[in-house]
Amino acid sequence: MTAQSITQVLGTCIVAAPAALLAALGIPSLFGEPLRERAAVRWIHGVMAVGLLSAVAMLAVMLNAGQTLVEIRIGDWVGIETEHFHFHVAFIFDRLSVPFVILIYVLCGTIGKFTSRYLHRDRGFNRFCVFFAFFTLGMVVSSLAGTIEVLFLGWELVGLSSALLVAFFHLRSNPVRNGLRVWGVYRIADAAFLIAALMMHHMTGGGDFTGLMGTDAWPSGHATIASEQALIVGLLLLLAASGKSALVPFSGWLPRAMEGPTPSSAVFYGALSVHLGAFLLMRVSPMLDLSMGLRIAVIGLGLLTAVYSAITERVQTDVKSALAFASLTQVGLIVAEIGLGLDYVALIHMIGHACLRTLQLLRAPTLLRDYHMLENAIGARLTHGPSFWERIVPDRFRAWFYAVASNRGHLDSAIDDYVTAPFRAVFRWCDAMEHRWTRFLSGGEPSSGTAEGPVD
Amino acid sequence: MNELSFPWLECAVLIPLVAVPAVLRVRDPETALRRTLVASSLAFLCAVAASVDFGWSGGFDARAPWDPWSVLAGRDGMVIDGLSAPLLPLAALLYLLVVVATLRTKIRRFPFAWTLFSESALLALLGCRDPWGVIGLLAIQTIPPFFELRRRGRSTRVYTAHMLLFLGLLVGGWVMLDLEQSATEHSIWAIGMLIGAVVIRNGSIPVHCWMTDLFENASFATALLFVTPMAGAYAAVRLVLPVAPDWALRSIAVVSLGTSVYAAGMALVQRDARRFFAYLFLGNASLVLVGLEVATPISLAGGLCVWLSVCMSLTGFGLTLRAIESRTGRISLDRYHGLYDHMPRLATFFLLTGLASIGFPGTVGFVGAELLIEGVVGVYPIVGTLVVLAGALNGIAVLKAYFRLFTGTEHLASISLRARWPERVAVLALSVLILCGGLWPEPGVAWRYDAAQEIIARRRIRLAGSERHVVEAHRVPEHPASSIPVVPPTDRLRRVF
């Protein structure tokens, strides 16, 4: 068996494992016969083990064979030869995707194990497992995507599962409202992503990353488009990444996303999902070499997010929100590192941060107990003195910072006031006008409306 | 023209028609339901057989070996071709599933006879290529909803005004075209009237109010079956696309693009579930028309793919909504209903079909939407991105409706609200189609691309014919659609089967 055929088999296993998990959990649910809890847990553990072992074996084979890039082409999902329209399904294994996919399997495996106890006998256990399978498949597909279309496919799966998991505790309206908000931001980000993908298609004649970034392994690729094109596509991708990674001005959704169950908060918004935008920027990082404007925008947005979330994090009153903003601070720094061209630093930072944050979020429900243990151990209350900033910033400014930070920089309210509210007002006005027009046409008879209309 | 091995099409049209008196005669609604089910099932099987038979024949089009219709309606009176081959079985399936999903508590009020009549008219329409035949059948199609509105004591004025205007413009436009047959090019009035007719029937802004009115006042099933097969899009392909100059197609495309964004925005602010559905449908159906009227092979293929996906997904979505309505009454989207725990399967289907309608990955609409966007952006690089915006807004609207209906609170009910097996069968059948079409899209796309090429080739022949009188014979057409060569019949259809 050659190294090539081994990598083909391993690569297929890495991608097929979460797809099999989704089929195993999703199809019975579709027919109204969900798997029993124990069977679902076994499936999750088995799939995570297969995926992780395959990913590690892939890394070992690549290191052994001295390969820095393995491309697995599944073929054309759809192809119209005469129009040069192809929907390639291809996966690439390189220095970026292999560590990231190992990280995904490690963290998803950990969360799978944690969930089997945390949500034991919960009414929504099966629902959680199905969404979790969606998420894992989406993350694996996104991280290994060899074409922009495949990346978009995984990106969408991650978005949907995230929104539904934020709304997991669906008997209350707050989680649901927050889930819808997350979905709204994601859809805007997806639209930007899709437009960028279309532009890339038109520029390079296809969606393959090798066509856009050159055939050299990451991060040595050389983008093959013009500087102006790189700026436009790059800004669209930056907008997409901002939505997905909660960069400014979309940061408001991240603490809201903590309404979901702790396992999903940990793996999605603390560890993996929140880094997906940064991953996208890393994937297209050769494009940054073509446009200084784009580079400056990436660095600026990263730093702005880091500063914003570092300030906001300090005034949060619940541990999950504090961790969300702490997470965002690091994501902002990672984005700035990508902008500065420190690709390996950004990758290592991302992996380390994801592991740390998962641990912190999984410990979050027992934080008070941990504090008590510490205090019991030292025999006194935990105290902390004034920080460096508290010492040097005058009280007047500190009060102002506090007000801004406790309102989370007014980002959410700005979006509500200047985007959502005008949009709603315009369309509500149109709706009222339509009602009047229809009433006029029907000779003044009111439309049947909600209460009295026929139901069959 | 090839010959089918049996007059499947004629049977598909006649069986429901013959069943109408058989259903009208009985007083027992359960017997009426059974008879309607049998007739719809047979019509569906005949439509499937016609489609398969056409696929095997391997040509551009085919008709029955002995064709009595040709005496009445001419050579194109009852034909199956690349466009209609998937639409016929799909339309028959939609009728069958709507009848299957009708609960026994509703059958006393369900208009079985009118449903069979409209099924027959729709199948005849989809099998007809003759312009006057298409116009006549479009006119016949408008009758059942009118009588339903009257029977319910609702105002018919909005519906009637729009449909009369639609038919008047359609007939007027085509009469003028017939009179201008020998003219150098068709007048702006004739083309304008046809455009107006298509715009009204498709519910484009600003003449879309009849659609929301119909959904509010007619039964959900009747409104659903009148709009989801998209007879207006069929009229656009058969009547407008072959004769309209480029400016006319562009104007329809731009109006439809505006409609898709407007309807997506309106869907987001609706308080009534039926109006929400009407706008969601409008937003998606307009995208189909955008793809069709941009008239490049890619956009046309995308439009035809999205046509099928919207038909399937929004019928499933509508059936789910209808099932919920039949348990809770008319649904307000102003508040949370929290129905998930009472009807988890309906919730899943609602989400699945809703996401399929917006072209979510893994569903039947995904590749079609990609093709459509690619084609539209290729022609209108800036304005075309509005398609993406409309898709994003529709996505938000679908999830918002899902959350409002199934989550947010605890719903207390003293009786079981779970889906009954006929409802489950209906929506599951559509879900299987949606998922299979999404995971294995290649045959469907190839089939639609062939149909797109065929439509463009016909348009080219027709335009070349009318230009021949005044323009030198070998003038190179300006529009990219016109530069597509006439392709010979391929064996791709054969490969689909």
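Me: Is Arg408(A) buried or exposed?

Reply: The model is predicted: local features need pLDDT of at least 70, side-chain atom pairs count only at pLDDT 80 or more, and totals for chains, interfaces and linings use all residues. Residues are numbered from 1 along each chain as its sequence is written, while chains are lettered from A and ligands numbered from 1 in the order in which they are written. A residue is buried if 20 or more other C-beta atoms lie within 10 Å of its own, exposed if 12 or fewer, and partly exposed in between, with C-beta atoms placed from the backbone. Arg408(A) has 22 C-beta neighbours inside 10 Å, so this residue counts as buried.

Me: What is the phi of Arg408(A)?

Reply: Arg408(A) is found in the loop between α17 (395–406) and α18 of chain A; helices (H or I, at least four residues) and strands (E, at least two) are DSSP runs, numbered from the N terminus. Arg408(A) is a residue other than glycine with a positive phi, near 55 degrees.

Me: How many C-beta atoms lie within 10 Å of Ala295(B)?

Reply: Ala295(B) belongs to the loop between α14 and α15 (297–328) of chain B, and its phi is positive, near 60 degrees. Ala295(B) is buried because the number of other C-beta atoms within 10 Å is 27.

Me: Which residues does Arg95(A) touch, not counting residues up to four places away in sequence?

Reply: Arg95(A) lies in the loop between β2 and α3 (97–118) of chain A. With 18 C-beta neighbours inside 10 Å, Arg95(A) counts as partly exposed. Contact requires C-beta atoms, placed from the backbone, to lie within 7 Å. Beyond four places in sequence, Arg95(A) touches Thr68(A), Ala217(A) and Trp218(A).

Me: Which element gives the largest share of the side of chain A that touches chain B?

Reply: In all, 51 residues of chain A are in contact with 56 residues of chain B. Elements giving two or more residues to this side of chain A include α1 (3–30), β1 (69–80) and α18 (411–441) of chain A. The largest share, 14 residues, comes from α6(A).

Me: How are α12(B) and α14(B) oriented to each other?

Reply: Axes are lines fitted to C-alpha atoms, for helices over the stretch in contact, with angles from 0 to 180 degrees between N-to-C directions. The axes of α12 (residues 231–240) and α14 (residues 273–294) of chain B come within 10 Å and cross at roughly 5 degrees. Angles under 35 degrees count as roughly parallel, over 145 as roughly antiparallel, 65 to 115 as roughly perpendicular and the rest as oblique. The two helices α12(B) and α14(B) are therefore roughly parallel.

Me: What is the omega of the peptide bond from Ile205(B) to Pro206(B)?

Reply: Pro206(B) has its place in the loop between α9 (188–201) and α10 (209–217) of chain B. The bond from Ile205(B) to Pro206(B) is cis, with omega near 0 degrees.

Methods:
Contact = placed C-beta atoms within 7 Å.
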